[in-house]
Amino acid sequence: MDDGWRQLAATASVFAYGALCAAIWQRERRRAQARVADAASLATAGEPMLVLHATQTGQAEAIAWQTARWLHAQGAAVRVMSLNELDLATLQAAPRALFVASTYGEGDAPDGASAFVERIMEARAQLSGLRYALLALGDRQYAHFCGFGRRLDAWLRDSGAVPAFERIDVDNGDDTAMARWRQQWQGERQEEGAGTAGEAPPDDDFEPWRLVARRQLNAGSAGAPVFHLAFAPSSGALPHWASGDLAQIRLASDPQRPRDYSIASIPADGELQLLVRQEQHPDGTLGAASGLLTAALAPGDAVAMRLRQHGNFRLNGNADRPLILIGNGTGLAGLRGHLRERIARGRHDNWLVFGERSARHDFLYRDELEAWLASGALARLDMVFSRDEESLHGERRYVQHRLFQAAEEVHAWVERGAALYVCGSLQGMASGVDTALRQILGRDRLHEIAVAGRYRRDVY
């Protein structure tokens, strides 16, 4: 009887999980259909105005679609595209274009514009027939504030394009700058007799989430402490998110600048999990967000949080491809979310290449990863510990070096259809990995798979 009940319970669990997956699939399918309908409804008669976005986390894309809907409401024909989808002939033929461009790291182009930069921006173009406006997104904490937006603006001017008004730089979604963007295009359309339109800013959708559990994963490490944290919504109803999405934390001391964290779990886990490294300033004080999450917040306490879709790092069309997941440090969070989603769906063609300091103290989620490898849920696991490598070989080696060592296998996986996901630090790891992949696959091949959505990064 006990065996029968256990079998019945297991069967019920399988059906319940299947129903959950079906519901999620249906919702994502409806969203995709809505996006297609959106695009069709914006393509009205007449020469379309291009609304072009260069995005990394999805913010620039969201603003581009919002802007397109505003313009369409005023009677404009609009076509929304990412810069990577744009070719020079289309840009030269367009009389008008709006650009929404984010900056990545220290003035770099985001992944949503990387192919455009190398294919088109490397040389001056002939764009004398183009009138444009540009909204540049950035963060004044970085030395090269709005660096890519400024670079794009300079290239457009050098190519003969005429600005409809001066570039608008936005610091962390500043409401004043965004209002100027709305007012500028509204004023221009009014001069053409199109009337006015606008949308209210999005609702404040931060909600309280309770800290359920917290534990340090790297006790004894020479590096800063790394913590696994689990949260549950105070409302009791766990919302849906996709692997690759972000959690935003709002601080009472700095409410205008929410902090992004990669989500390390999937909804089927029953809680939202983060992987956070504690930041300590030279004076001994802790970072505002990491200090709150890893020290000040007690179990049961709540923090203001909201979930944010990260379309550029979701599995999307790569859900049924082999995956090569590459990262370091707390970048394991985003990769772990993908692994948990893939394994739950029975996809085991997963290869994780991950780097940290030492195997003894910094092998994050060691039991879980080794269990997945032993069961076959991970086809391959390459852990690279830089301090251990230094002890063995006299020099520190990182994940990019391991990729070079496994170049033939990397090439074979990619030719078999694999997608590449990179998560972790921009300086050092991500730039080194990008250089390695260019040499292993070839620059043109890497751009080809990037444009196809098979090379995705969540780096910071």
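**Reading a sheet and a helix pair**

Q: In this predicted model, what is the strand order of the open sheet of 6 strands?

A: The order is 10-9-12-7-8-11, and the pairing is antiparallel. From one strand to the next, the twist averages 40°.

Q: Which strands are the edge strands?

A: Strand 10 (254-262) and strand 11 (272-277) are the edge strands, since each pairs on one side only. Strand 10 pairs with strand 9 (residues 246-251) in the antiparallel sense, over 5 bridges. Within this region, Leu251 has Asp254 in strand 10 as its bridge partner.

Q: Which helix lies across strand 10, and at what angle does the helix run to that strand?

A: Helix 7 (residues 288-296) runs at about 65° to strand 10. Helix 7 also lies across strand 7 (207-216), strand 8 (226-233), strand 9, strand 11 and strand 12 (302-308).

Q: How are two packed helices described?

A: The description uses the angle between their axes and the distance between the axes. Here, the axes of helix 14 (residues 426-441) and helix 15 (residues 443-451) come within 6 Å and cross at roughly 110°. Helix 14 and helix 15 are therefore roughly perpendicular to each other.

Q: Which residues of helix 14 and helix 15 meet?

A: Helix 14 contributes Asp434, Leu437, Arg438 and Leu441, which meet Arg443, Arg445, Leu446, His447 and Ile449 of helix 15. The residues of this contact comprise 4 nonpolar, 1 polar and 4 charged.

Q: How many helices and strands does the protein chain have, and what percentage of its residues count as buried?

A: The chain has 15 helices and 17 strands. Of its 460 residues, 49% count as buried.

Methods: Residues numbered from 1 in each chain as written. Predicted model: local features only at pLDDT ≥ 70, side-chain atom pairs only at ≥ 80, totals over all residues. Heavy atoms only, no water. Axes fitted to C-alpha atoms, helices over the stretch in contact; angles between N-to-C directions. Helix = DSSP H or I, 4+ residues; strand = E, 2+ residues; numbered from the N terminus. Parallel < 35°, antiparallel > 145°, perpendicular 65-115°, else oblique. Contact = heavy atoms within 4.5 Å. Nonpolar A, V, L, I, M, F, W, Y, C, P; charged D, E, K, R; others polar. Buried < 20%, exposed > 50% of the residue type's maximum accessible area, 1.4 Å probe, protein only. Pairing = 2+ DSSP bridges.
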